[in-house]
Amino acid sequence: MSNETRTTKQRAESARLFILLAVLLFIVARIAVRLDYLETSYSFYGWLLARATETDVIKPVLLTPGEQEATEENVFFEKVRTSLSERTGGQLVSEVEETHLWSLVLAEMKQPTRLEFERLASDGKLNLPYGAIDWSEESVGAHLGSLILGFRSAVADLLWLKVDEYWHQGRMEMMLPMMQTVVTLDPHFIEAWKIGAWHLAYNAAVTVDTLEEKQAFVEKGILFLQDGIKRNPRNHELYFDLGFSMYFLKLEDYENAAHYIRQADRYRPPDEKWIPRMMLLAYERGGHYEDALEGWRRYLTEIDPESNPGKRALYRLRALIAVRDERYDEALPILQEMFDTFPGANAFADIGITKINAMKAEAAGDLEGAKRLWQSLIDKAHLTVWDEAEANIARLNALIAVGGAATSES
Amino acid sequence: MNFFWIAANTYREGIRKKTLIGFLIVALLVIGGSTFLTVLSPGEEVKMVKDVCLAALSMFGMLIAVFTAGSMVPTELENKTIYTVLSKPLRRFEYVIGKFVGIQFILILNLGLMGLLSLVILFTREHIISTILIKSVLLTYLELMVLSALTFAVSMVSSSAVLPIISGAFIYIIGHLVEYLKGLSNHAMQAGQALIASVIKLLYWVLPDLNKYNIRDQLIHLQPNDPRIGIIMWQLVLYTILCVAVGICIAHLLFRRKEV
């Protein structure tokens, strides 16, 4: 074969290879476009679910209707929600099952919604769950490597160890901003959301002096957990912590506690029994005795038929309903039956029966008798009802004084 | 079947390299050490183990991929063993394919060992075989496959291993920065620079975007609200195959013109 023929053949082969390369690059670009579409849809899905959770679950607690600001994000969300509501049959977006929502998102992510979503995201006008890093932040250098090389979760873990170190050193001012960085890097770091909120509401709150400052920290803790919920809308642990640690224990706000623990109950694992029990306790403390009673009956039928706290709660709630309706004579035997069935609860028998007798005496107009009964609880050093007894004695004293004045006037 | 013998020989040669053995030992130590990190963060042991294992797999996998893919052909050129091989009745394409397949055997062995240790550590914590971890390791391998293909292509123009290894590290970094081109293109479009925006967008689509494989982070910490990402995984497999094909095509184009 002559050199010329060989060169011509080589050139032809090179040309074929270049054509093959061009074709391959074209297909790579096509797949990249498809992947881009799927990734944008994934991001849109996260944003939509977070916004829907905020509107359907969190905002009703915080705001009354009409208080929502008309930001570009809100306007866009309302548009998408209206468009989706036709296909969800009126079901709330936050309640649509994952697979169905994903298929709805894929259909919705066609033009022009996709273009608008990309524009708003690129302008930083959307609060995306898998958050972008704020480049003006001081600690940005710490996670630069993670952004370039893609080790977000691992860097978040290392920073979390640093948070723990600062906590043990008592350097709260260093710890709090770093906690925010950790959850920005890894929004699925559930423990960071939970412990972060606890630090804010419980530990940071005791480092300040005034009540306003303490309340501000508790509020920050609540907002931190709500932010975590928006990024993990179906994680039962975050709902439970918000409901129980914040509203139930810290603020004694049983309405909000029941609202969030109810969400936790919805997404809890089937073998988790503590959450429904605390939900029913929140109902009870909030004065929703009938709901609590019904809930305990369901709990005993469907979740734990052998539950002693559940069986005791049935007696207790029936007694509470009778007391609320001023049917004291019905309440006393119910309570007595409970103490007979569960001798372990006898420590509380005296308190319960004395309280009902005091209320009964007051209803019958024997204010002095009622006062004596409340006083007997204080004398017996029943610490759990001390405040309640003192408040009732003060109230009864006021009533007696008003009654005495009325008698002397007449 | 000539390429198979080349691949087998490349594998044998690769597993004897002290640098690679060193990387593997350090990687195994880091993965094994992840279990001690959990002492510092009670309550999040499994998450910490998963994150450290995945990061170690990715980081050391990258080093192994870059060193293996970048040094195989230049070392043969330096040792002049390539002349003996190419003097045999063997097409250059078969040599290229054989070398690449051999590199993949080495990568699979190393990643397999690291993945197995991670799996064992997770098993001791969770008492289940984590299929999610297996999928995440697979995604890491796909990423390293693309990286090794491109580094391998660069190694075809070099007679020393230094240039391809440095290039490989840069390909890894740039591959993770490609997604910023999308934002850049949007900004150029908003600024009225349509032509520049189109060129940047084209680069964004054509350049291998290694950040796409970061979906393993979401996969390993899958939340109840997350949609199933199987569809993205299959697209990623296809994307990897095509990127690797591009890498091999470039490697062949460069190697067939090389005067050896």
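Where in chain A is E252(A) placed? This predicted model puts E252(A) in the loop between α10 (236-250) and α11 (254-267) of chain A.

E252(A) has a phi near 55°. That value is positive, and the residue is not a glycine. Most residues other than glycine have a negative phi. E252(A) is exposed, because 9 other C-beta atoms lie within 10 Å and the limit for exposed is 12 or fewer.

Chain B has a loop residue of this kind too. H127(B) is found in the loop between α5 (92-126) and α6 of chain B. Its phi is positive, about 60°, although H127(B) is not a glycine. H127(B) is exposed, with 7 other C-beta atoms within 10 Å.

## Chain A: fold and domains

Chain A has 18 helices and zero strands. Of its 410 residues, 34% are buried. Take the contacts in chain A with a separation of 6 or more: 53% of them join residues 24 or more positions apart.

Chain A is divided into domain 1 (3-122) and domain 2 (144-409). The centres of these two domains of chain A, taken over C-alpha atoms, are 42 Å apart. Domain 1 of chain A brings eight residues to the contact, and domain 2 of chain A brings eight residues. On the side of domain 1 of chain A that touches domain 2 of chain A, five residues are nonpolar, two are polar and one is charged.

## Helix α14 of chain A

Helix α14 of chain A covers residues 308-324, which is 17 residues. From first C-alpha to last, the helix reaches 24 Å. That is close to the 24 Å expected at 1.5 Å a residue.

Which residues of α14(A) are buried? They are G310(A), A313(A), R316(A), L317(A), A319(A), L320(A), A322(A) and V323(A). In an α-helix, residues three or four places apart point the same way, because there are 3.6 residues a turn. After α14(A) comes E326(A), with a positive phi near 60°.

Chain B has 11 helices and zero strands. Along the sequence, its pattern reads α-α-α-α-α-α-α-α-α-α-α. The C-alpha atoms of chain B fill a box of roughly 60 × 55 × 30 Å along the principal axes.

Of the 260 residues in chain B, 45% are buried. Among the contacts in chain B with a separation of 6 or more, 81% involve residues 24 or more positions apart.

L147(B) is a buried example. It sits in helix α6 (residues 131-155) of chain B. L147(B) counts as buried because 26 other C-beta atoms lie within 10 Å, and the cut-off is 20 or more. Beyond its neighbours within four places in sequence, L147(B) is in contact with M62(B), A65(B), V66(B), G168(B), I171(B), Y172(B) and G175(B). L210(B) is 63 residues from L147(B) in sequence, yet their C-alpha atoms are 8.4 Å apart.

## Where the chains meet

How many residues of chain A are in contact with chain B? The count is 38 residues of chain A, against 38 residues of chain B. On the chain A side, α1 (3-62), α3 (98-108), α5 (144-149) and α6 (152-169) each supply at least two residues. α1(A) gives the most, with 17 residues. The chain A side divides into 24 nonpolar, seven polar and seven charged residues.

## Nonpolar cores

The largest nonpolar core has 137 residues. V182(A), I261(A) and A149(B) touch the most other members. Helix α3 (residues 45-79) of chain B supplies the largest share of this core, 18 residues. Domain 1 (3-122) and domain 2 (144-409) of chain A both give residues to this core, so the core lies between them.

Another core lies apart from the largest one. This other core has 16 residues, among them F77(A), V80(A), V105(A) and L126(A).

A149(B) deserves a further look. Leaving aside its neighbours within four places in sequence, A149(B) is in contact with F100(B), C243(B), V244(B), G247(B) and I248(B).

Key: Residues numbered from 1 in each chain as written. Chains lettered and ligands numbered in written order. Predicted model: local features only at pLDDT ≥ 70, side-chain atom pairs only at ≥ 80, totals over all residues. Domains from an automatic or database assignment. Contact = placed C-beta atoms within 7 Å. Nonpolar A, V, L, I, M, F, W, Y, C, P; charged D, E, K, R; others polar. Helix = DSSP H or I, 4+ residues; strand = E, 2+ residues; numbered from the N terminus. Expected span 1.5 Å × (residues − 1). Core = buried A, V, L, I, M, F, W, Y, C linked by C-beta atoms within 7 Å.
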